[in-house]
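Work through the exercises below with the model open. Try each task before reading its solution.

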Amino acid sequence: MIDLRSDTVTQPTEAMRAAMARADVGDDVYGEDPTVLELQERVAGLLGHEAALFTPTGSMANVLAVRSLVAPGQEVLCEASAHIARAELGAHGAYNGVTMRTWVHPRGQVDLPMIQGMFAPELGPFFVRTTAISVENTHNFAGGAVLPLADLRDLREYAVGAGAAVHLDGARIWNAHVATGTPLAEYGAVADVIAVCLSKGLGAPVGSLMVGSRDAIDEARIWRKRMGGGMRQVGVLAAAGLHALDHHVERLADDHTHARLLAEACGVDPATVDTNIVVVPRQDAADFVVRAAEAGVRVAVVGPTVVRLVTHLGVTRDDAERAAKVLGAL
């Protein structure tokens, strides 16, 4: 069975398992796990920020990051199919009392004129105030689309002038980095806080990080504990992240190549596939998924008429070619 449902289905490599087994550990709630500390320092440095906080999930990293910018009763603006709006089960409202308004873009891109028209400054006790703008790079439900750095810089300039902050959901920022050659620190410079994931394209079994200022991270550590995310000898997981950063970043280019191969087989223009996600319009989406599984390929339904394919560490070139034949025939 070739599993293309998500890049979260990867298995740790033998080398990653070995790194986890020999990890130095300590009590992370006390801030004493040396492997976690190393991972946090490294990721913060890569993105050009002061500090980072290891979290068990990307959703928690996003909730903590947005919370650091938006107070209860205030709002964050985001694209309508953003992960924080669509796939985190309303956590930002449930935990933090945050409201959202959205703009719509078929590729999940920054629409600065729309954002400017939506933005609500402080107007006293009459209207909800916009305090942050959130963007997602790469954009999951827009087919792994990359947000151009120039657009992100324009957004950042506008936000600073308007007195708002920027949150970057960078769960797959590694894919954007490899696809465009943009240094991670340049992506980091466009946002006040960032969430990055280790358990998708990088192939770690668990783990994400919130990245930002030292003050934001210190406060997020408290809220992580309140949310049940305080972990103890978690260096065994952080070691997987360090191994992934050393060995699994540049190989993301293979995933991007495999995704374009699958896109072409499914009648999707490969030029529209920026990274490792292919979105295939199908009126018979649910039935298509069943028939694909019967033929040995797992794909996912992400909408009534939308099928998603995601390439990853566990999909070889031979796997991609075999899956392309199966899906193309269907």
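**Exercise 1. Classify Asn96: buried or exposed?**

Solution. Asn96 has a relative accessible area of 6%. Buried means under 20% relative accessible area, exposed over 50%, partly exposed in between (1.4 Å probe, protein chains only). Asn96 is therefore buried. Helices (H or I, at least four residues) and strands (E, at least two) are DSSP runs, numbered from the N terminus. Finally, list the partners. Leaving aside neighbours within four places in sequence, Asn96 is in contact (heavy atoms within 4.5 Å) with Val63, Arg67, Pro72 and Ala91.

The model is predicted: local features need pLDDT of at least 70 and side-chain atom pairs pLDDT 80 or more, while totals for chains, interfaces and linings use all residues. Residues are numbered from 1 along each chain as its sequence is written, and side-chain values use heavy atoms, without hydrogens or water.

**Exercise 2. Check the span of helix H2, then find which residues of H2 are buried.**

Solution. Start with the length. H2 covers residues 34-46, which is 13 residues. The expected span is 1.5 Å times one less than the number of residues. That gives 18 Å, and the end C-alpha atoms are 18 Å apart, so the two agree.

Now the buried residues: Thr35, Val36, Leu39, Gln40, Val43 and Ala44. They cover an arc of only 160° around the axis (taken from the directions from the axis to the C-beta atoms), so they lie on the same side of H2. They pack against strands E2 (51-55), E7 (193-197) and E8 (208-212), and against helices H10 (214-226) and H11 (235-247).

Then inspect the ends. Asp33 caps the N-terminal end of H2, with a side-chain oxygen 3.0 Å from the backbone nitrogen of Thr35. Just after H2, Gly48 takes a positive phi of about 75°.

**Exercise 3. Which geometry does the aromatic pair of Phe119 and Tyr158 adopt?**

Solution. The structure holds one aromatic pair. Its ring centres are 5.8 Å apart and its planes stand at 85°, so the pair is edge-to-face. The cut-offs for Phe, Tyr and Trp (its six-membered ring) are centres within 6.5 Å, with planes under 30 degrees stacked, over 60 edge-to-face and the rest tilted. Phe119 sits in the loop between helix H6 (112-118) and strand E5 (130-136), and Tyr158 in helix H7 (residues 149-162). The two are 39 residues apart, so to speak distant parts of the chain. Phe119 counts as buried, at 12% relative accessibility.

How values were computed:
Polar contact = N/O pair within 3.5 Å; in protein donor to acceptor, adjacent residues only side chain to side chain.
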